[in-house]
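Open the model in your viewer and keep the sequence panel beside it. We will go from stop to stop, selecting as we go.

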Amino acid sequence: DYLLGKLDAHVAAAGVRLDRARVSAGVLHVLGMLMDYGVVQRLGLDFFPDLPVLDVGDRITVGLRTAGYEVFACANTYTDPALVDKLPPGSPFTGLSVDRSLDDDGQVIFMHLGRGLPKAANRHSRGVSAATWLDFAQAHLLGEPVRPTP
């Protein structure tokens, strides 16, 4: 609902993170984006990459901007790590080293663990393991007890 509420006649796409790694103006990261598909379709845009410049989904942001539309991106701890310090004291979201997106009130509305395959195989160089992620989800999102560690 939050992202949908950001779309209007001028803003044709909204996402949880703006990625500046490939395009200096930034592109909405495909991990969490919502777009006015009617506009995307009318402009003939697609999700296909054009490596090494454009990754999967980047054409959407670039094409919308070229056509005169704006895009909206949430405040995000990946691009602005200082936002973690603005979370409420005692928030369970402060201690988990993951990508967090916030709404206009500073509430966490989206979290992303990171690279799927290495994390799924429990190989990670930074952040949290898949097991830690699952424990967090069980305890804080599902209200279930954390499973015992073998």
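**Helix 2 and its surroundings**

Start at Gly 68, which follows helix 2 and has a positive phi, near 95°. This is a predicted model.

Now select helix 2 itself, residues 58-66. Which of its residues are buried? They are Asp 58, Ile 60, Thr 61, Gly 63 and Leu 64. Show what these buried residues pack against: strand 1 (11-15), strand 3 (27-28), strand 4 (33-35), helix 1 (37-42) and strand 5 (70-73).

Zoom in on strands 1 and 4. Their pairing is antiparallel, over three bridges. Find Gly 15: opposite it, in strand 4, is Met 33.

**Arg 59**

Last stop: Arg 59, in helix 2. Arg 59 is partly exposed, at 29% relative accessible area. What does Arg 59 touch, leaving aside neighbours within four places in sequence? Its contacts are Leu 45, Asp 46, Phe 48, Pro 49, Asp 50 and Leu 54.

Show the side chains. Those of Arg 59 and Asp 46 make a polar contact of 3.4 Å. The Arg 59 side chain also reaches the backbone oxygen of Phe 48, at 2.7 Å. Finally, draw a C-alpha to C-alpha line from Arg 59 to Val 40: it spans 10.0 Å, with the two 19 residues apart in sequence.

Methods: Residues are numbered from 1 along each chain as its sequence is written. This is a predicted model: local features need pLDDT of at least 70, side-chain atom pairs count only at pLDDT 80 or more; totals for chains, interfaces and linings use all residues. Side-chain values use heavy atoms; hydrogens and water are left out. Buried means under 20% relative accessible area, exposed over 50%, partly exposed in between (1.4 Å probe, protein chains only). Helices (H or I, at least four residues) and strands (E, at least two) are DSSP runs, numbered from the N terminus. Contact means heavy atoms within 4.5 Å. A polar contact is a pair of N or O atoms within 3.5 Å; within protein, one must be able to donate a hydrogen and the other to accept it, and residues adjacent in sequence count only if both atoms are side-chain atoms. Two strands pair if DSSP finds at least two bridges between them.
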